[in-house]
Amino acid sequence: MTMPILNVESISKHFGGFAALSDVSLAVAAGERLGIIGPNGSGKTTLINCISGALRCDVGTIIFYSQNVSRLAPHRRTRLGIARSFQIPRPFFSMSVAENIAVALEFAARGAAVTGDARTLLAQMRLADKADRKPAELTQVDLRKLELARALATQPRLLILDEVMAGLAATEVDEMLDIVMGVSQLGVAIIMIEHIMRAIMRFSERVVCLDAGRIVAEAAPAAIVQDKMVRRIYLGA
């Protein structure tokens, strides 16, 4: 691995007496595609919530481009280049699709004039023909595209995707994969949580498997599906 842009160092997170994460460490390199898998309740979403700032880890440190971001609020981490999507899209329903993107572009401009073009970004997401519609008029796959476009509008260096393909048909999964791979080609590092294994296999350069709040395996996609622990806890073998 080249020099990491993200270092998660021995973080733990408890909810009362329940350990959602226990001594988890991982690193992500610039431009890397990292897949995260694991059964429900394994700590995947807690991990990305700690990285993005939605939660604060109880112990441990999160370093992004040599800066300790462990105690920073989510919007400050976004300013530094950490963006995320949510499993359940959260657009501004009173605004048009293009206006939703414009809000994120204004945020990324840090008070200066917006240099990005919402409609160009929507074209990249294959939503150009829906720019003037309201989010309530979109299909599920188009809502996922809008969620991804809003994250990209903040100009991230690290993009975290939380099950962007959940509930989609096979052809829609392929379309989302094509879009995400296109984002990767722009040099953005991506962490993707996903249960659809064919998506993980195609997307990932490296896969981390969590179980009960701990990393139990880490390998290339072809190797991870042969790991005995992964097959037992995740694939049911």
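In which sense do strand β3 and β9 pair, and over how many bridges? In this predicted model, strand β3 (residues 33–37) pairs with β9 in the parallel sense, over 4 bridges. Within this pairing, Ile36 has Val208 in β9 as its bridge partner.

Strand β9 (residues 206–211) also pairs with strand β10 (residues 214–219). These two strands run antiparallel and are joined by 5 bridges. Leu210 has Ile215 in β10 as its bridge partner. β9 and β10 form a hairpin, with 2 residues between the strands. Ala212 lies in the turn and has a positive phi of about 50 degrees. Of the 6 residues of β9, 5 are buried, so the strand is largely enclosed by the rest of the structure.

Strands of a sheet pair through backbone hydrogen bonds, either parallel or antiparallel. An open sheet is formed by 4 strands in the order β2-β1-β4-β5, with antiparallel pairing. The edges are taken by β2 (18–29) and β5 (67–68). Each has a single partner strand, so one side of each is left without a neighbour in the sheet. Strand β1 (residues 4–15) is joined to β2 by 8 bridges, and the two run antiparallel. Leu6 stands opposite Val28 in β2. Helix α1 packs on this sheet and touches β1, β2 and β4 (59–64). The direction of α1 makes about 120 degrees with that of β1.

Leu47 lies in helix α1 (residues 44–52). Is Leu47 buried or exposed? Its relative accessibility is 0%, so Leu47 counts as buried, the cut-off being under 20%. Beyond its neighbours within four places in sequence, Leu47 is in contact with Val8, Ile11, Leu21, Val24, Leu26, Ile36 and Leu210. Leu47 and Ile36 are 11 residues apart in sequence. Their C-alpha atoms are 9.9 Å apart in space.

In soluble globular proteins, nonpolar side chains tend to be buried together. The largest nonpolar core holds 48 residues. Within this core, Ile101, Leu148, Leu159 and Met165 touch the most other members. A second, separate core has 27 residues, including Leu26, Leu47, Ile48 and Cys50.

Ala169 is found in the loop between β7 (158–162) and α6 (170–184). Ala169 has a relative accessible area of 40%, so this residue is partly exposed: the value falls between the 20% and 50% cut-offs. Ala169 and Ala108 are 61 residues apart along the chain, and their C-alpha atoms are separated by 33 Å.

Attention then turned to open space in the model. Rolling a probe the size of a water molecule over the atoms shows where empty space is left. The largest pocket has a volume of about 470 Å³. It is lined by 19 residues, and the closest to its centre are Thr78, Arg84, Phe86, Arg150 and Thr154. Elements giving two or more residues to the lining are α2 (74–80), β6 (82–84), α3 (97–108) and α5 (140–152). Which element gives the largest share of the lining of the largest pocket? That share comes from α3, with 4 residues.

Note on methods
Residues numbered from 1 in each chain as written. Predicted model: local features only at pLDDT ≥ 70, side-chain atom pairs only at ≥ 80, totals over all residues. Heavy atoms only, no water. Core = buried A, V, L, I, M, F, W, Y, C linked by side-chain atoms within 4.5 Å. Buried < 20%, exposed > 50% of the residue type's maximum accessible area, 1.4 Å probe, protein only. Contact = heavy atoms within 4.5 Å. Pairing = 2+ DSSP bridges. Axes fitted to C-alpha atoms, helices over the stretch in contact; angles between N-to-C directions. 1 Å grid on protein atoms, 1.4 Å probe; cavity = no way out; pocket = protein on both sides within 12 Å on 5 of 7 lines; lining within 4 Å. Points joined across faces, edges and corners; volume = space filled by probe spheres on them.
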